[in-house]
Amino acid sequence: MASIEVPPDWENLTFSAMAGVILVIGAPDTGKTTFARYLYKRLMEHHQRVGFLDGDMGQTTLGPPTTMTLALAGAPEESWPPCGPRFRTFVGSVSPRGHMLATVVGAHRLVQRATENGATAIVYDTTGLVAAEQGGGALKLALVDLLEPGVVIGLQRGTELEHLLVPLRCSGRTRAVDRSVTLAVQRRDVATRRAYRAEQFRRAFEGSGRMEVDWSGRAVVPGPSFARHRLVALEDAQGFVLGLGIVTGRDSHRQAVELYTPVPSLDGVDTLHLGDVTLDPETFCDQPL
Ligand SMILES: Nc1ncnc2c1ncn2[C@@H]1O[C@H](COP(=O)(O)OP(=O)(O)OP(=O)(O)O)[C@@H](O)[C@H]1O
Ligand SMILES: [Mg+2]
């Protein structure tokens, strides 16, 4: 990890008392991901196995956009990215807006997987959707209800998280603390974020080829509407992502679709899960469907 500025109020957190899910929240460009990685590293000093949940399906750090990825530390020593097992769920969009159920259900399943794999601390790096009027408050409170985090750590510049933190500070169901945002945080504009997503997608499609898929008799959700360049997740029987695909052709008479995908074969593919974005297979720029 490149050297980062660690404010004193990060260092005085009681890392030894943190266990279970640790929810990191904040508006866009508040240093959530940097802080979450710092926290992950510090928690490795106190736990045999720590999980890192990259829960931002837009500016992803551990997988392609439209997905959320759980990575588990493979060794006691600090390593980044974690080299242990990985599990991924599909949200189908680069934002939780309009996709709250997939976000919440996916997070729950990944936390379950982390626990089953022996993680005793799980750092959950969330999206910057916190504004109450956009549903950010409801989303974060739903995650608190469902995941029962031991701690919610908010990074805020002003009072933008108070609508969430005030009730949580008074509640016995979690412990809510806030930390200041460092001046070292660099803000990213919309174009930079788009370019970053395209690069993350490009990496995920490295080594891809075209594969014809006969989808008759196969689960297709939400339904077999194979629009050109629509993004598809190929999921296993547990609902975890084996890889993504882009629709490059279809033959509706034969119930067949051609996908551009890095997935080498249909072995283990249970479901074709269609997303709500299209992805250009040359530029890897995403567009809403
Ligand atoms: N403590 C820090 N020291 C040095 N650089 C930092 C620090 N925190 C954040 N940055 C830099 O600021 C940028 C944005 O930080 P980061 O990605 O952690 O923010 P974020 O809140 O996760 O953003 P997003 O809303 O896109 O998820 C990154 O380039 C990161 O390297
Ligand atoms: Mg982030």
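These questions and answers cover a predicted model of a protein chain with a ligand.

Trainee: How many helices and strands are there in the protein chain?
Mentor: Both element types occur in the chain. The count is six helices and 14 strands.

Trainee: Why is the protein chain as compact as a globular protein of that length?
Mentor: The globule rule gives 19 Å for 289 residues. The chain comes close to that value, so it is as compact as a globular protein of that length. Its radius of gyration is 19 Å.

Trainee: Where does ligand 1 sit?
Mentor: The shell around ligand 1 has five nonpolar, seven polar and six charged residues. As for the site, ligand 1 is in the largest pocket.

Trainee: Which helix gives the largest share of the shell around ligand 1?
Mentor: Of the 18 residues around ligand 1, those that come nearest are Glu 5, Lys 32, Thr 34, Gln 186 and Arg 188. Three residues of the shell make up the largest share. They come from residues 32-43, helix α2.

Trainee: What is the distance from an oxygen atom of ligand 1 to an N or O atom in the side chain of Lys 32?
Mentor: A polar contact needs N or O atoms within 3.5 Å. For the side chain of Thr 33, an oxygen atom of ligand 1 is at 2.9 Å. For the side chain of Asp 56, the value is 3.4 Å. For Lys 32, it is 2.8 Å.

Trainee: What percentage of the accessible area of ligand 1 does the protein cover?
Mentor: On its own, ligand 1 has 620 Å² of accessible area. The protein covers 85%.

Definitions and conventions. Residues are numbered from 1 along each chain as its sequence is written. Chains are lettered from A and ligands numbered from 1 in the order in which they are written. This is a predicted model: local features need pLDDT of at least 70, side-chain atom pairs count only at pLDDT 80 or more; totals for chains, interfaces and linings use all residues. Side-chain values use heavy atoms; hydrogens and water are left out. A residue is near a molecule or strand if one of its heavy atoms lies within 4 Å of it. A polar contact is a pair of N or O atoms within 3.5 Å; within protein, one must be able to donate a hydrogen and the other to accept it, and residues adjacent in sequence count only if both atoms are side-chain atoms. Accessible areas come from the Shrake-Rupley method with a 1.4 Å probe; for residues, only the protein chains shown count as cover. On a 1 Å grid over the protein atoms alone, a cavity is a set of points where a 1.4 Å probe fits but cannot get out, and a pocket is an open set with protein on both sides within 12 Å along at least five of seven lines; lining residues have an atom within 4 Å of a point. A molecule sits in a cavity or pocket if more than half of its atoms lie within 2 Å of its grid points. Helices (H or I, at least four residues) and strands (E, at least two) are DSSP runs, numbered from the N terminus. Ala, Val, Leu, Ile, Met, Phe, Trp, Tyr, Cys and Pro count as nonpolar, Asp, Glu, Lys and Arg as charged, and the others, Gly among them, as polar. The radius of gyration is taken over C-alpha atoms; the globule rule is 2.2 Å times the number of residues to the power 0.38.
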